[in-house]
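Please open the structure in your viewer and follow the stops below in order. Each stop states what to select and what is to be found there.

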Amino acid sequence: MKRRKLGRTGLEVSELGFGASPLGAVYGPFAQRDGIEAVHKALDLGIDFFDVAPFYGATAAETVLGKALHGIERSSYVLATKVGRYGEHDFDFSAARVARSVRESLTRLGTDHLDLIQCHDIEFGDLDQIAGETLPALRGLQDAGLVRCVGITGYPLPALAYVADRAEVDTIMSYCQYTLQDRRLTPWLRRFAAQGIGVINAAPLAMGALTPQGPPPWHPARAAVLKHCAAAARLCAARGGDLARLALQFALATGDSASTVVGASHPSDVSRNVRWVEEPLDEQLLREVELLLAPIRDVGWVSGRPEN
Ligand code: NAD
């Protein structure tokens, strides 16, 4: 597994990261034993970057990840979680709440420090509060040794840039915007990289839309987008391929982010994903799928407060 520098943080992360939202049953029920095995499989295969959040499964994902990481040498993995989002409509980016949140996450994750703490889905907050209050509070926790680096996550790229222009951020996690269907991250990635920021590309499978089994019922994309993705899955199957394989290979082979974070709650998904990343991209199938997805290329959805 290749490793890449995470901006100027001094950290290196595996180019394929483990997304732990499925450990909060965000994608449906799973056996906890499988989820824990998925984490161990990831570590065995060289994945050393784990991303979670208190929001995923109302803290359940952090608890399962904490169990899985129990007894594993702490310096052998890079652990990222988030603050500020606690429910579908429950956001609190105040200094007092995020400080409490970090301590709660440390307990659930069974560690004395986080490698990366991220403000979660900033577009739902007041961006000036995040730049002026939340991030300085997290820097205070960095000075106290509780966190090593500080970042932001969210969907609208201009909102991420707005905050990054007003406060020092070490990392930016964008999601669903460097995929077979959506490439809007590309120009922003260059800009963020020029600022020394480590960019993390989350959800290369477009939160399940770019898989044979399709997206979960809560997926926010328009029906036309999901319909085209389903057609792409059928096309890949007809060619003896797999849309998830193509989507993952595309993100890794052509993307420039420090890590591509894919969600999993079963060890077989982790094994497949690692194997796929090492195999060559099917350029012919890629061209066919790109053609099919062209009418809905870069079509996303609205996320967050209207002013953001
Ligand atoms: P994803 O695009 O990684 O897709 C995950 C879905 O694909 C899950 O249902 C998983 O079971 C399935 N899957 C994984 N491997 C597969 C395979 N080989 N074949 C078929 N299906 C497979 O979406 P995601 O999990 O939401 O995103 C990855 C991670 O990025 C999250 O877990 C989270 O850690 C992070 N993330 C953060 C934000 C944010 O901060 N706002 C948003 C989205 C994702």
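Begin with E283, which lies in helix 10 (residues 283-293) of this predicted model. Is E283 buried or exposed? E283 is exposed, because 9 other C-beta atoms lie within 10 Å, and a residue counts as exposed at 12 or fewer.

Eight of them close into a barrel with parallel pairing, in the order 3-4-5-8-9-10-11-12. From one strand to the next, the twist averages 30°.

Select strand 9 (residues 147-154) together with strand 10; the two run parallel and are joined by four bridges. Within this region, I152 has I172 of strand 10 as its bridge partner. Helix 3 (residues 95-109) packs on the sheet, where it touches strand 5 (78-83), strand 8 (114-119) and strand 9. Helix 6 (residues 185-194) lies across strand 10 and strand 11 (198-202), and it runs at about 155° to strand 11.

The largest nonpolar core has 100 residues, and L65, V163 and A247 have the most contacts inside it. Helix 8 (residues 243-254) gives the most to this core, namely eight residues. Select V163 to see some of its contacts, among them I122, L127, I152 and V169.

Finally, select the ligand. It is surrounded by 28 residues, of which G19, S21, A202, L205 and G263 are the closest. Strand 10 (171-175), strand 12 (259-263) and helix 9 (267-278) are the elements that each give two or more residues to this shell. The shell comprises 15 nonpolar, nine polar and four charged residues.

Notes: Residues numbered from 1 in each chain as written. Predicted model: local features only at pLDDT ≥ 70, side-chain atom pairs only at ≥ 80, totals over all residues. Near = placed C-beta within 6 Å. Nonpolar A, V, L, I, M, F, W, Y, C, P; charged D, E, K, R; others polar. Core = buried A, V, L, I, M, F, W, Y, C linked by C-beta atoms within 7 Å. Buried ≥ 20, exposed ≤ 12 C-beta atoms within 10 Å, placed from the backbone. Contact = placed C-beta atoms within 7 Å. Pairing = 2+ DSSP bridges. Axes fitted to C-alpha atoms, helices over the stretch in contact; angles between N-to-C directions. Lists of a residue's contacts leave out its neighbours within four places in sequence.
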